[in-house]
Amino acid sequence: MIETHPHLSPDELRRLYGWAEMDPPDPVTAGQTGTWRIIYHAGRYGVDDGGVIKIAWRDVSDWGTPQFDDPAAAEFASVATTGPATLIPRMERQRYIRPWRRCITIDVVDDSLKAGDTITLTLGDTAGGSPGSRAQTYGQEAFEFRVAVDWCGTWVYTEVPSPVFPVISGPPARLVVVSPTSAVPGQPTWMGVRVEDLWGNPCRQYDGEIHLHGGALQGLPAQYRFTPADSGVHRFEGVSAPSTGTYRVTAADPANGLAATSNPLRASTSGSLQSYWGDLHGQSEETVGTNPVSSYFRFARDTALVDFIGHQGNDFQVTADVWQRIRHQVRSLNEPGRFVTFLGYEWSGNTPVGGDHNVYYLDDDGPLHRSSHVLIEDKSDIATDCLHIRDLYAALRGRQAMLVPHVGGRYADLNWHDSRLEPVLEVYSEWGEFEWFLHWALELGWQVGFVAGSDDHKGRPGAAWPGSGTFGVYGGLTCVQAPALTRQDLWQAIEARRCYGTSGARILVEATADGHPIGSAFTAGAAPTIDIQVAGTADIERIDLFRGNRIVDTWPDPLPRRPDRVRIAWAGQRIRARKRLVRWDGRLSTDRGRFVDVEGYAFDTPAESLRLVEDRLITWESVTTGDADGIVFGLEGLEDGEEATLTFQTGIVENTFTLRQLRQQPIIVNAGGVDMRVVFEMAPAGSGFDAAAQLLDRQDVPAGTHAYWLRVTQTDGHKAWISPFFVTLNGEDQGQ
């Protein structure tokens, strides 16, 4: 139980119940390793024998998890007191009130503490050889270690004044060049450059000079020096393409050894549809996220440089005041042609009553129908709650509303569906890659398109690195093909399924089926011809055409492969529900030859990477949540005709193989769970950044309605899932 004292001033609260401070009190650099002391000073009541101190921080934080058992290991923490009591510390998760559920509990036993006595928690105590504690990896305007005291030993806690400090970005480690995807020759457009630290935070203090090369693009300077006002991001206006074609801009910071290439910009005079990028899903600190809702929208616009954004706070934490703040931001920052905002929230019912669904409104004033009031003190509007997804369907029918089922902590139960409200579903977010989710929907006969988002909790919507916690992958993006950047146009395009989701890369896809645009439903006398053009952000590895849940064609066929390089990729998730993450820490060894040119494949953060590379041994740390990670390498030093035996070992899969086997065909080892597997193969060679293909279903196709959809995969692991064409065939034999 939390006891509040609204009648007490902060000074009186400190005097009676105590207060806490942090040493050192300075800003903390994201991801740094160090030592911090949190010192609680007992108030007038002291702390009784049997009392408890709780030091809690937000669920989403990936600050290293303290441990009290091994003084030589990372994250060792210790406690001490100036009083006569004995302290018993332990790290507990979900032992305080959401969203403050990462919690250290310190029991006070064998005696009590008087006013002025202190309890000191040392995070990253190095006295016994520990390297220290790793701070949270993402920036935060006001990080808080929230301290609460059960001073009387009654399980009643009073929160006391607690240390609050900023988490700031580290030194520059990466350039990101962002361009719009569509432009008209001769008309002004823009180009943006963002400087990030190792963990993906914008380097707000960056003042370096970058060199730019835009080919034939006009209006882009050759050099630019960042200023404090840029805060690590600069958007260049007035850029233009002189003629039709695909353009990519390169940027370099020679002083820091950084370089990057933009996503493709396609300049075209044909067609009325433009491609717009956005993130429809994330949360701010008003619920379980980071930084206030005002920062959330401005980050999306000014730092992530997306075209549109939604905000989806968990409904059972969205108070009336918070809802008004969200509505204010949506209303005030919506700027057609520049940046579009959507009002919404996350209906957060448990899976048995429907599961997570994002709610969106076309206007600024949609109603809030919560799944419950579990964390809402004011129950005056509890009659408006919708306790089952069927109730929400009924409440929203007739409104300009949209629902998007998704997989987060709770996954949506797709056995319930309202086709009038649910034109698309979310197949990817920071929680992971959920291709099983779209397969489930298609098996049930849903006619839906595909979107992706971040579900960002770290204050970085639209450019959401996962950090080192619950989230497993970089946040996704949705591309919407619409005639203009307005709410109405984007809304109508999503309703028409004229959209696709990606794993965060701005992969440009243009596709038609018998001339019909993405998402179309039409009748045909034979299986359609699918034409697709892709402009990637890396080499295109493959394009797969699905009919329902079955691949019916692949480009290129056969896939070009490197004769001298091997790729081993592991993927999947443990279960559909919250604790789905799979840990693949492991090793690869060879009995002959030596490993050369070893690279990680699709690792998502610095917390996942190669750990050791020797002539005959490679080790790594890796987790997957539906996505794939892996290694790519060569093997040299073998005599003519000599064959090496390689041994792959993880806690999930072990396998022994030779290169001769892989040159014959890939080896796939299924590992249970949800699509858990390891693929051993000669590394795909890729087909360049740009691809044009025609794909066909040459099999016998029965009469009926079929979902034809495309998946694009790049050699760097990024993917795009293209909304289906729903084709109704009326003959008995529809093969080509």
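The points below take up the basis of the model, its salt bridges, its cysteines, its backbone and its surface.

1. Basis of the model. This is a predicted model, in which local features need pLDDT of at least 70 and side-chain atom pairs count only at pLDDT 80 or more, while totals for chains, interfaces and linings use all residues. Residues are numbered from 1 along each chain as its sequence is written, and side-chain values use heavy atoms, with hydrogens and water left out.

2. Salt bridges overall. A search of the whole structure returns 42 salt bridges, a salt bridge being a side-chain nitrogen of Lys or Arg within 4 Å of a carboxyl oxygen of Asp or Glu. K54, R90, E92 and D107 are linked through such bridges in a network.

3. R248 and D690. The side chains of these two residues meet in a salt bridge at 3.4 Å, N to O. Because R248 sits in the loop between β22 (245-247) and β23 (250-253) and D690 in strand β54 (residues 690-696), the pair ties together parts that are 442 residues apart in sequence. Helices (H or I, at least four residues) and strands (E, at least two) are DSSP runs numbered from the N terminus. D690 is partly exposed, with a relative accessible area of 38%; here buried means under 20% relative accessible area, exposed over 50%, and partly exposed in between, with a 1.4 Å probe and protein chains only.

4. R711 and D544. A salt bridge of 2.9 Å, N to O, joins the side chains of R711 and D544. The pair links distant parts of the chain, with R711 in strand β55 (residues 704-714) and D544 in strand β40 (residues 540-547), 167 residues apart. R711 is buried at a relative accessible area of 12%, and D544 is buried at 0%.

5. R592 and E642. These side chains meet in a salt bridge of 3.3 Å, N to O. R592 lies in the loop between β44 (586-590) and β45 and E642 in the loop between β49 (628-636) and β50 (645-650), so the pair ties together parts that are 50 residues apart in sequence. R592 counts as partly exposed at 33% relative accessibility, and E642 is partly exposed with a relative accessible area of 30%.

6. Cysteines. How many disulfides does a search of the whole structure find? The search finds zero, where a disulfide is a pair of cysteine sulfur atoms within 2.5 Å. The sulfur of C152 is 19 Å from the closest cysteine sulfur, in C103, and is therefore too far for a bond. C479 is likewise in no disulfide, the nearest cysteine sulfur, that of C499, being 8.8 Å away. C152 is partly exposed, with a relative accessible area of 35%, whereas C479 is buried, with 0%.

7. Cis peptide bonds. R98 and P99 are joined by a cis peptide bond with omega of about 5 degrees, and P99 is placed in the loop between β8 (86-93) and β9. The peptide bond from W555 to P556 is also cis, with omega near -10 degrees, and P556 is found in the loop between β41 (550-555) and β42 (561-573).

8. Positive phi. S231, although it is not a glycine, has a positive phi of about 55 degrees; this residue is in the loop between β20 (223-225) and β21 (233-239) and counts as partly exposed at 26% relative accessibility. L305 has a positive phi near 60 degrees, lies in the loop between α2 (293-303) and β27 (308-310), and is buried with a relative accessible area of 2%.

9. Helix α5. This helix (residues 435-443) is mostly covered, with eight of its nine residues buried. The buried residues include W436, F437 and W440. Just after α5, G445 takes a positive phi of about 85 degrees.

10. Nonpolar surface. I97, V374 and L375 make a nonpolar surface patch of about 250 Å². Patches are made of residues with over 30% relative accessible area and no salt bridge, like charges being joined within 9 Å and nonpolar side chains (Val, Leu, Ile, Met, Phe, Trp, Tyr) within 5 Å. Accessible areas come from the Shrake-Rupley method with a 1.4 Å probe, and for residues only the protein chains shown count as cover. L375 lies in the loop between β29 (357-361) and α4 (389-396) and is partly exposed, with a relative accessible area of 34%.
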